[in-house]
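Here is a walk through one protein model, taken a piece at a time. Keep the structure open beside the text and follow along.

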Amino acid sequence: MSKHYDAVIVGAGIIGAATLHQYVETYPQKTVLLIEKESQSALHQTGRNSGVIHAGVYYPPHSLKSQYCIEGLHDTLSWCKTYNLPFEQCGKLIVATNDNELERLETLYQNCKENGLQPTKVSGERLSSMEPNIVGKEAIWVKMTGITDYSQICRSFINLAHDTKRVDMLFNCVVKSIEEKHNEVSIAVLQNSTGSNDGQEEIDIHCDQLICCAGAYADTLIRSQGLTPDFKIMPFKGVYHRLSEQFNNVSKRLIYPVPDPAMPFLGVHLTKMIGGYTTVGPNAALALGREAYSNFPALSEIYRTLSYGGLYKLLWQYKSSVASELTSSFSKRYYAELVKRYCPAVCVEHFSDYSKPGIRAQAVSDSGKLLHDFKFVKTERVLHVGNAPSPAATSAMPIARAIIKEMA
């Protein structure tokens with residue numbers, strides 16, 4: 001089988017899906033193919049996050065991340081309203097529980113103001129009035145923050161694009177190699193239609209342009225083109241615990257701790273979810289494999305992770321927090337103590353048996369630095385989304401517009 005397309009997009013997570021939709025909107029007469037290695041869309045980062053529609057609280061003013069996030073918030077809310085998808089603009093409270101956090105809270109407040117978020121300072125007394133189950137010395141209320149189901153948004157992008165009849169889709173299909181020529185891109189893929197090695201079929205795809213939105217496999221596809229990136233995707237697992245039903249209405253808003261500026265993640269937060277339940281999470285610990293949600297990964301995945309020199313430089317840089325994150329991965333009681341700082345009613349006994357792990361695809365440089373911003377690796381006919389950090393789900397539509405503009 002061999003076919004030529006105007007464009008091929010690899011990856012049916014929310015970035016790939018949004019890019020597909022944007023491409024079809026921009027070039028309604030062109031043909032495009034979506035390739036996904038799983039049997040359906042949104043099975044990894046898109047379907048395993050907290051569902052928060054971020055407002056840009058933590059990102060430097062005037063930065064690309066803050067710009068995309070604020071644009072993405074309005075885009076996401078508008079999309080949900082237009083296509084009758086679930087959302088709630090419940091707002092979030094960032095709660096300082098001790099004197100050391102008050103100064104950091106003030107910094108966040110000023111950052112919110114500069115980003116145009118119109119934050120409100122909340123005293124400890126007013127906090128108790130707004131959220132009787134939450135305690136703290138002071139808080140910031142960001143009304144613009146919301147929640148949604150990104151899996152549904154992702155599917156809506158794909159379905160609308162597919163309805164144009166100019167979009168083909170290949171699922172259960174793994175890209176093996178990418179060859180860029182002077183007049184086209186050739187892609188060798190392996191499709192598994194039966195779930196066994198006997199059912200694998202090799203397919204050659206040709207296109208004018210290729211866009212790779214491969215998430216945890218971004219660096220793998222870059223290398224499959226014969227390029228050598230100066231970073232590697234490292235998998236960090238975060239676990240969300242669902243609280244028992246008595247906590248379904250524990251708060252009207254999202255409740256976040258004040259993040260430690262020395263840490264790259266936001267801390268364990270209390271999240272009301274679409275569906276009416278509440279979760280706590282996530283933590284952030286190194287996973288041994290890119291899809292090691294619960295099962296022990298293949299030895300090749302373990303080697304891939306642990307053989308990277310940049311990882312050890314990173315872990316050394318954050319050595320003071322590595323123990324804490326590992327402890328929270330193995331001890332629900334310790335995890336509960338993190339939540340009790342701002343929600344004293346939560347105990348380990350309130351954690352249900354359900355826990356939802358997600359794995360964040362984090363680009364780490366060879367020198368051991370986290371890549372905090374978006375990173376594209378581009379040649380004449382191919383663009384790889386090398387790093388799409390949080391809030392990538394919120395920012396999916398602005399990111400997609402930037403990708404299509406970059407490929408014009």
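What covers the buried residues of helix 7? Among the elements that do so are helix 6 (218–224), strand 13, strand 17 and helix 8. Bear in mind as you look that this is a predicted model.

Start with helix 7 itself. Its buried residues are Glu301, Ile302, Arg304 and Thr305. These span an arc of only 160° around the axis, so they sit on the same side of helix 7. On the face turned away from that buried side you'll find the exposed residues Leu299, Ser300 and Tyr303. As background, an α-helix has 3.6 residues a turn, so residues three or four places apart point the same way.

Now move on to helix 8, which runs over residues 309–317. Here Gly310, Leu311 and Leu314 are the buried ones. Their arc around the axis is only 105°, which puts them on the same side of helix 8. They pack against strand 13 (231–243), strand 17 (285–286), helix 7 (299–306) and strand 18 (351–365).

## The whole protein

Stepping back, the protein has 11 helices and 20 strands. A compact globule of 408 residues would have a radius of gyration near 22 Å, and the protein agrees with that at 22 Å. Along the principal axes, the C-alpha trace spans about 65 × 45 × 40 Å.

Of the 408 residues, 54% are buried. Take the contacts with a separation of 6 or more: 72% of them are between residues 24 or more positions apart.

## Aromatic rings and charges

Time for the rings. A pair of aromatic rings is described by the distance of the centres and the angle of the planes. Searching the whole structure turns up six aromatic pairs. One of them joins tyrosine 23 and tyrosine 27, with 5.0 Å centre to centre and 55° between the planes, which is a tilted arrangement. Tyrosine 23 counts as buried because its relative accessibility is 2%, whereas tyrosine 27, at 23%, counts as partly exposed. Tyrosine 58 and tyrosine 59 also pair up: their ring centres are 6.4 Å apart and their planes are at 70°, so this pair is edge-to-face. Both partners are buried, tyrosine 58 with a relative accessible area of 17% and tyrosine 59 at 8% relative accessibility. Elsewhere, ring pairs tie Trp79, Tyr83 and Phe157 into a cluster.

Lysine 30 lies over the face of tyrosine 27, 4.4 Å from the ring centre. In another spot, arginine 253 places its charged end over the ring of tryptophan 141, at 5.0 Å from the centre.

## A buried histidine

Is histidine 384 buried or exposed? It counts as buried, since its relative accessibility is 1%. Histidine 384 belongs to strand 20 (residues 382–387). Leaving out residues up to four places away in sequence, histidine 384 touches Ile178, Cys212, Leu221, Ile222, Gln225, Lys375, Phe376 and Val377.

Most residues other than glycine have a negative phi, and most peptide bonds are trans. A few places here go the other way. The peptide bond from glycine 281 to proline 282 is cis, with omega near -5°, and proline 282 sits in the loop between strand 16 (278–281) and strand 17. From serine 390 to proline 391 the bond is cis too, with omega near 15°. Look for proline 391 in the loop between strand 20 and helix 11 (396–407).

As for phi, glutamine 118 has a positive value near 50° without being a glycine. This glutamine 118 is in the loop between helix 3 (99–114) and strand 6 (120–123), and is exposed, with a relative accessible area of 67%. Asparagine 172, also not a glycine, has a positive phi of about 55°. Its loop runs between strand 9 (167–170) and strand 10 (173–180), and a relative accessible area of 30% makes asparagine 172 partly exposed.

Technical notes
Residues numbered from 1 in each chain as written. Predicted model: local features only at pLDDT ≥ 70, side-chain atom pairs only at ≥ 80, totals over all residues. Heavy atoms only, no water. Phe/Tyr/Trp six-rings, centres within 6.5 Å; stacked < 30°, edge-to-face > 60°. Buried < 20%, exposed > 50% of the residue type's maximum accessible area, 1.4 Å probe, protein only. Lys NZ or Arg CZ within 6 Å of the ring centre and 35° of its normal. Helix = DSSP H or I, 4+ residues; strand = E, 2+ residues; numbered from the N terminus. Arc of directions from axis to C-beta. Contact = heavy atoms within 4.5 Å. Rg over C-alpha atoms; globule rule 2.2 N^0.38 Å.
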